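Have a look at the sequence and structure first.

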Amino acid sequence: MSSATVVLVSDSHLGRNHAYFQDNWEAFLTEMEILKPDLIIHGGDVSFNGPDVPDDLRYAREQIARLRVPWVAIPGNHDIGEPGNNPRLKQPVTAARLAVWHEVFGADRHVLDVAGWRLVLLNSELLGSGMAEERAQWEMLAEALAGAEGRPLGLILHKPLFQMTPDEAEPNGSCVHPGPRRPVLALAREHGVRFIASGHLHTWRRFDFDGTDFVWAPTTAFITPGRFADAGGIARVGYTVWHFDGDSYSVDYVQPPLFVNFDITNWSSQKGSSISLPPLPHRPR
Ligand SMILES: [Fe+2]
Ligand SMILES: [Fe+2]
């Protein structure tokens with residue numbers, strides 16, 4: 001296959017008992033029935049509260065499996081927790097939480113050769129965790145980039161490496177910590193990685209930094225406009241469509257007409273995080 005259409009969707013935050021964001025997912029499924037991409041990549045935060053509720057991961061897996069095209073998913077902080085001594089929601093990534101992901105979704109990182117490209121999908125929540133799995137992922141990344149045999153390269157991970165500049169601090173869980181950020185960027189530069197795509201900030205943004213194309217994939221679930229307003233971008237729901245053709249590619253941000261922009265700013269500012277929303281059971285249509 002010398003060309004391919006790939007959809008990068010992210011941050012669906014699906015839960016059987018917290019089905020606030022189900023409607024946009026239903027609309028996304030309908031859109032994919034029409035588009036029929038060659039591959040759909042889910043960029044993480046598949047689940048409402050995976051770190052504490054394993055059934056949310058199982059439910060998210062059921063929902064993603066409704067796609068009738070090939071798909072692959074990587075975890076986010078709302079799936080397996082996050083690294084560091086002071087995780088924002090007090091949900092550290094642990095071997096037990098990662099084991100649930102492995103049981104439900106299989107691998108948490110992937111090397112995909114698509115239409116002559118090599119796409120390396122990383123588990124951003126391992127970066128800086130100090131877990132044995134983190135060491136294995138570093139080896140996988142180095143080998144995948146060094147062994148690309150001339151294929152153009154792209155990286156995809158849940159959290160962005162940085163918001164504005166690579167030397168910034170890590171502001172409250174919004175991106176990868178500076179420690180692991182530097183070697184990822186160094187490897188990317190050494191091997192000429194063309195783009196680095198991420199989710200997590202529920203914002204569409206695309207910018208060039210030092211010749212690398214940085215893409216922030218939007219969410220299907222909810223927005224908190226203003227939270228990352230300083231970084232620019234568009235805090236609205238949607239998904240991205242990528243066309244790979246030879247060694248060129250394009251990225252389009254899609255805002256489906258049936259996607260509703262579910263703004264949880266009031267909730268977040270008064271009650272904290274999305275995961276403290278009260279139950280709202282899913283009712284099958
Ligand atoms: Fe998210
Ligand atoms: Fe996230």
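## The metal site

Four protein donors hold the iron ion (ligand 1): Asp11 (OD), His13 (NE2), Asp45 (OD) and His202 (NE2), lying 2.0 to 2.3 Å from it. Donors here are N, O and S atoms within 2.8 Å of the metal (3.2 Å for Na, K and Ca), and since water is not among the atoms, sites may look incomplete. This is a predicted model, where local features need pLDDT of at least 70 and side-chain atom pairs count only at pLDDT 80 or more, while totals for chains, interfaces and linings use all residues. As for bookkeeping, residues are numbered from 1 along each chain as its sequence is written, chains are lettered from A and ligands numbered from 1 in the order in which they are written, and side-chain values use heavy atoms, leaving out hydrogens and water.

The iron ion (ligand 1) and the iron ion (ligand 2) sit 3.6 Å apart, and aspartate 45 coordinates both. Histidine 13 is in the loop between strand 1 (3–9) and helix 1 (22–35), and histidine 202 is in the loop between strand 7 (195–198) and strand 8 (205–209), so the pair ties together parts that are 189 residues apart in sequence. (Helices, H or I with at least four residues, and strands, E with at least two, are DSSP runs numbered from the N terminus.) Both histidine 13 and histidine 202 are buried, meaning under 20% relative accessible area, with exposed over 50% and partly exposed in between (1.4 Å probe, protein chains only).

## The core

A nonpolar core is a set of buried Ala, Val, Leu, Ile, Met, Phe, Trp, Tyr and Cys residues joined through side-chain atoms within 4.5 Å. The largest one has 31 residues, and Val7, Phe28, Ile40, Val46, Phe105 and Tyr239 have the most contacts inside it. Strand 1, helix 1, helix 2 (54–64), helix 4 (95–105) and strand 10 (239–245) each supply at least two residues of this core.

There's also a second, separate core of 26 residues, which includes Leu141, Leu187, Ile196 and Ala231.

## A pocket

Now for an open space. On a 1 Å grid over the protein atoms alone, a pocket is an open set of points with protein on both sides within 12 Å along at least five of seven lines, and lining residues have an atom within 4 Å of a point. The largest pocket is lined by 22 residues, of which Arg88, Phe222, Thr224, Arg227 and Ser268 lie nearest its centre. Helix 7 gives the most to this lining, with three residues.

Terms used: 1 Å grid on protein atoms, 1.4 Å probe; cavity = no way out; pocket = protein on both sides within 12 Å on 5 of 7 lines; lining within 4 Å.
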